[in-house]
Amino acid sequence: MSKKPGYQKAAELTARDLKSVAHKPSVRQLSRLTLPEIEAAVDLVSKIIPAGNVPGMILSGLSRLPGRRIPTPKTRQDVNALFSGVEQVLDSAMYGAFFAGPAAVIWGYQNLLKLAGKDPSSAFPEGVWQFYADYALREDTARHTNETHGFDTLLRQHNIQLCPADRLTARLMASITCLHQYDELLKNEWYERVAISLLEELSGERGRRLRREWLAQLPYRREEEAAVLELDYPAYRRRKFSQFLTRNLESLPRSDYEAWRARLKALEESDLPAYQKQMSILAYLDPGPYGETRVPFRLSDAQIGVIYRGNYYLFPVCGTGGKPLDVLTVRAQAAALLQTEENAPAHLTLLARAQRAALPGLRNKLDPLLVAALDNLRFAPILVSADLRPRSLPLSELRQAERGVGSHALTFFDTGESFVFDQSHIFFDGTWGMALSEIMTNEALSWARYLNMLPSPVAAEGKFYASLGLKISKRDLDWTEKLPRVSPEAGAETDKVNLRECLDLRRQFKQRSDLLQLTINDLLILYRAIHAAVYKPSKTLLAEIQKFSADSPELAASLRHLVEEASRVNPAILIPMDASLKVPRERIYPLNMEAPLAELNLLSLHEQTMKMLAACEASTEDRAAMYAGFDRYQKTYLASLAGFGAILSKAKEIAIRGESASVGALKLLVGQVI
């Protein structure tokens, strides 16, 4: 068996083959790049995607396609071929050490598109981030978790105590309502962002002010007037936004208003349906060898999965005529479920922790009845766990319970004191995930108040929910345990962040100078960089590392180097910018930021200023002269901080316009691969 070439040799072979294709007259005529640009693109692609003759074959195929637009299926086909090519050319050690994964493939493919004279944006109609998430954020460790406490906090304040059946019913009704309203929820998110974004284009600061004001008063629940007007939450929120716009658009010139309205209507017709389809959770994830395919299904086919005592049950989402299931019916069924005799748990956590790429090959090895049950579970976009989890656990540990196999959008946990929402990055970004968590919590609270007024629940005699026969036999278990696992996840939580002091500091900055426009995130980035520069490991940590020396001296040396030297490197921080504020389908624009400590001399200025302050406070003679010296240092220091804020502000402004993201932003995720 021939030995696979090393990384450098593989890159040279790729460059040689790709160059032969790129310099063909038929390709040169299509490309809009100059000869030096072609050479640079070939060199870049061969280094980040050393896939032998695959990039050249793809470039040749792209050059034969008519027009500049690329069909989405073609993009997926090409990207999968690039993954496969790298895998075949590099051995496993080289693959892990040099290949930067989905970000590298997407960046390289964008350069192949430019070499072929194609429009890179047409290859990613849902935005580059959505495509990246489908490939890179598919594993169990890529999910993110939000916790809300408003449900239990308000119930305690009103001295309401729900029985377990009503507590489950409230969450089931919130989940059912969510699925029925999801298109409208997405419509509100899209409409609010685009309406204000268009106003920003017309009126600049006025539009930015409106965004801030709307975020400050945006309702996440229905108030009393909604009940009087018989409005559900999406309709109530739409009404409040319409009133907000009306108040603030009265002074807008008529011509500007008409232009804004016409543009908004045109975008609503052209872009909104595609956005709703892209972001819908009425879909399951079908794992492939390199990425996930979102497979949509109808609302009428949707189920709510309930996890009780480690077993899975399916509740229909729709009742008669396709309407949401009646609350009294759900209540009686929930009461019946909680009386179910205890059975052996399903143990699907083994599948949840498996690498997604390994799942397709497992299907033919499992019991057909188990495969059929798993297929039925895919139609539950929301899993509601009725098994209480300890609130004292960190969220990264709290979620380590039955949670399906990773093909759904959301798992809804309960601690008895709070709700926890475990969400797939493929369907949710941080901002939308937190917003939906708040919306669902308030919806559950609304149902809880209603349920509290009813007599005690009575279990239904006939059960319409389905019990899934997810019993894993020893044979199935043996196959499952052989699957490669995702890396163990690490989590850190703290309640030591004092936001009040952070906000006070921002106010003090503004009092000193209008140029000191540092946000809380800016301060956190600055602190992270300063921490890396001044960090010293504790004696306890060094002693723990020393314990590895006897059995694993290389590991001990590596850990010691990490905490003593490597951690002092000024870290590059990846900041996910909310692209939906401008173009909702883009979701995220990644911004790579390294705090300019050396350039602005911030560490030295901080140290010198603090020394001067201490000397000034300790001085008993000529305090005026000492203060004057301190004041000079202080002004220089504050001016440098203002410069730091200006650099961050400009970088974020560029990123939020998509100018650093739409074509090459995922380059920032690749890092230095050469």
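Where is the place of His 347? His 347 sits in the loop between helix H16 and helix H17 (349-352). The phi of His 347 is near 60°, a positive value in a residue other than glycine. With a relative accessible area of 44%, His 347 is partly exposed; buried means under 20% relative accessible area, exposed means over 50%, and partly exposed lies in between, using a 1.4 Å probe and protein chains only.

Before we go on, note that this is a predicted model, in which local features need pLDDT of at least 70 and side-chain atom pairs count only at pLDDT 80 or more, while totals for chains, interfaces and linings use all residues. Residues are numbered from 1 along each chain as its sequence is written, and side-chain values use heavy atoms, with hydrogens and water left out.

Helix H16 (residues 327-337) lies across strand S4 (303-308) and strand S5, running at about 165° to S5. Such angles run from 0 to 180 degrees between N-to-C directions, and the axes are lines fitted to C-alpha atoms, for helices over the stretch in contact. S4 and S5 pair in the antiparallel sense over six bridges, where pairing requires that DSSP finds at least two bridges between two strands. In this pair, Tyr 308 stands opposite Asn 311 in S5. The two strands form a hairpin with two residues between them, and Arg 309 in the turn has a positive phi of about 55°. S5 is mostly covered, as five of its six residues are buried.

Now step back to see the sheet. It is an open sheet of seven strands with mixed pairing, in the order S1-S8-S7-S6-S4-S5-S9. At the edges are strand S1 (144-148) and strand S9 (466-467), each of which pairs on one side only. Strand S5 (residues 311-316) and S9 run antiparallel and are joined by two bridges, with Tyr 313 opposite Ser 467 in S9. As background, strands of a sheet pair through backbone hydrogen bonds, either parallel or antiparallel.

Strand S6 (residues 382-385) holds Ser 385. Is this residue buried or exposed? Ser 385 counts as buried because its relative accessibility is 2%. Leaving aside neighbours within four places in sequence, Ser 385 is in contact with Arg 171, Ile 307, Phe 412, Phe 413 and Asp 414; here contact means heavy atoms within 4.5 Å.

What about the nonpolar interior? A nonpolar core is a set of buried Ala, Val, Leu, Ile, Met, Phe, Trp, Tyr and Cys residues joined through side-chain atoms within 4.5 Å. Of the 123 residues in the largest such core, Tyr 109, Leu 112 and Trp 432 touch the most other members. Helix H10 (residues 164-203) gives this core its largest share, 17 residues. Beyond its neighbours within four places in sequence, Tyr 109 is in contact with several residues, including Ile 49, Ile 58, Leu 62 and Phe 124. A second, separate core has 28 residues, among them Ile 575, Met 593, Leu 597 and Leu 638.

Strand S10 (residues 572-578) and S11 pair in the antiparallel sense over seven bridges, and Asp 578 stands opposite Ile 588 in S11. Strand S11 (residues 588-594) is mostly covered, with five of its seven residues buried. In the loop between S10 and S11 is Arg 587, which has a positive phi of about 60° although it is not a glycine. Arg 587 is buried, with a relative accessible area of 2%.

Finally, turn to a pair of helices. Helix H1 (residues 7-22) and helix H4 (residues 54-63) pack at an angle of about 15°, with their axes 8 Å apart. H1 and H4 are therefore roughly parallel to each other, a label for angles under 35 degrees, whereas those over 145 count as roughly antiparallel, 65 to 115 as roughly perpendicular and the rest as oblique. Where they meet, Thr 14, Asp 17, Leu 18, Val 21 and Ala 22 in H1 face Pro 55, Gly 56, Leu 59 and Ser 60 in H4.

Definitions and conventions. Helices (H or I, at least four residues) and strands (E, at least two) are DSSP runs, numbered from the N terminus.
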